[in-house]
Amino acid sequence: MTPLISATDLAARLGDENLRIVDATVHLTFDADGAHVASGRETYLTVHLPGAVFADQITDLSDPDGEAPFAAADSARFADAVGRLGIGDDSTVVVYDTANGIWATRLWWQFGLEGFDDVLVLDGGYGAWTAAGLPVETGEVTTTPASFTPRRRPQRIVSTDEVAAATGESSVLLVNALDRESFAGGHIPGSVNVPFAELVDDAGRLRPLEELRELFADVGALDPSVRPVTYCGGGIAATAAAFALHSLGRDDVAVYDGSMNAWTADPARPLS
């Protein structure tokens, strides 16, 4: 079952006691100096879904001492952050963003990494909500803190050392989720390419499963004899590919959290 929810279905559930809606927006821009990220908090305060809280993925949900920017927070840090948002073990979480969906799938993946599966992604994000003419709110939403119990699944995340070892393993398939031009410009040897932008339609909604199945089957990512490991530039778009593969029944997919940021930190590591 694809962990998606439509805007109209979510609207029908507003007010459910255990429902927690989370705005996961981060603003990513590029210029001559490279990539830049900025918190989506101001956007959230300006407008958000009714009852939504804001999760700051730059600070609260990242490990400042990780091997690359946006390294996933450890279990205790994650549990504390989401607990302060009112998310507990009995919550049903819906995540969305106002950008291109990859920040929502990033938070979906982090919840899954910590053993929590009652998480849905709003299909089409904030754009789908407003396109349906549904109500919005402004300002901060405060909630009563809750207790969240992390149960980390270490098999869902891989390190640079593990990826380096996997480049010589036929049982692992590295799936690069960047655009085709970036992939052609340099990628980890042995990788295949399924751009995250090709996983959604023009409205940002996930493509039908039969179309996703064709995309991934064409590169061998649905072969049961291989384990897919997704990556990108910084571990964000990689989660969109992981989300799509999970929707196709691949429960064994892992994310290379450091991605190209970590891989290229050592110029001795090869690129194809």
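Me: What should I know about numbering and confidence before reading on?
Reply: Residues are numbered from 1 along each chain as its sequence is written, and side-chain values use heavy atoms, with hydrogens and water left out. This is a predicted model, where totals for chains, interfaces and linings use all residues, local features need pLDDT of at least 70, and side-chain atom pairs count only at pLDDT 80 or more.

Me: How many helices and strands are there, and what is the radius of gyration of the protein?
Reply: Helices (H or I, at least four residues) and strands (E, at least two) are DSSP runs, numbered from the N terminus. On that basis the protein has ten helices and twelve strands.

Me: What share of the 272 residues count as buried?
Reply: Buried means under 20% relative accessible area, exposed over 50%, and partly exposed in between (1.4 Å probe, protein chains only). Of the 272 residues in the protein, the buried share is 48%.

Me: Among contacts between residues at least 6 apart in sequence, what share joins residues at least 24 apart?
Reply: A contact here means heavy atoms within 4.5 Å. Taking contacts between residues at least 6 apart, the share that joins residues at least 24 apart is 72%.

Me: Is strand 2 enclosed or open, and which strand does it join through five bridges?
Reply: Four of the five residues of strand 2 (residues 19-23) are buried, so it is largely enclosed by the rest of the structure. Two strands pair if DSSP finds at least two bridges between them. Strand 2 pairs with strand 5 in the parallel sense over two bridges, while the parallel partner with five bridges is strand 6.

Me: Which residues stand opposite leucine 19 and aspartate 23?
Reply: Leucine 19 faces strand 6, where its opposite number is threonine 92. For aspartate 23, the residue opposite belongs to strand 5 and is phenylalanine 54.

Me: Phenylalanine 70 is not a glycine, so what is its phi, and is it buried or exposed?
Reply: Phenylalanine 70 sits in the loop between strand 5 (53-54) and helix 3 (75-84). Its phi is positive, about 70 degrees. At 14% relative accessibility, phenylalanine 70 counts as buried.

Me: What is the relative accessible area of serine 259?
Reply: Serine 259 lies in helix 10 (residues 259-263), and it has a positive phi of about 50 degrees although it is not a glycine. Serine 259 is buried, with a relative accessible area of 0%.

Me: How many Å apart in space are aspartate 90 and alanine 203?
Reply: Aspartate 90 is in the loop between helix 3 and strand 6 (92-96), and at 53% relative accessibility it counts as exposed. In sequence, aspartate 90 and alanine 203 are 113 residues apart; in space, C-alpha to C-alpha, they are apart by 32 Å.
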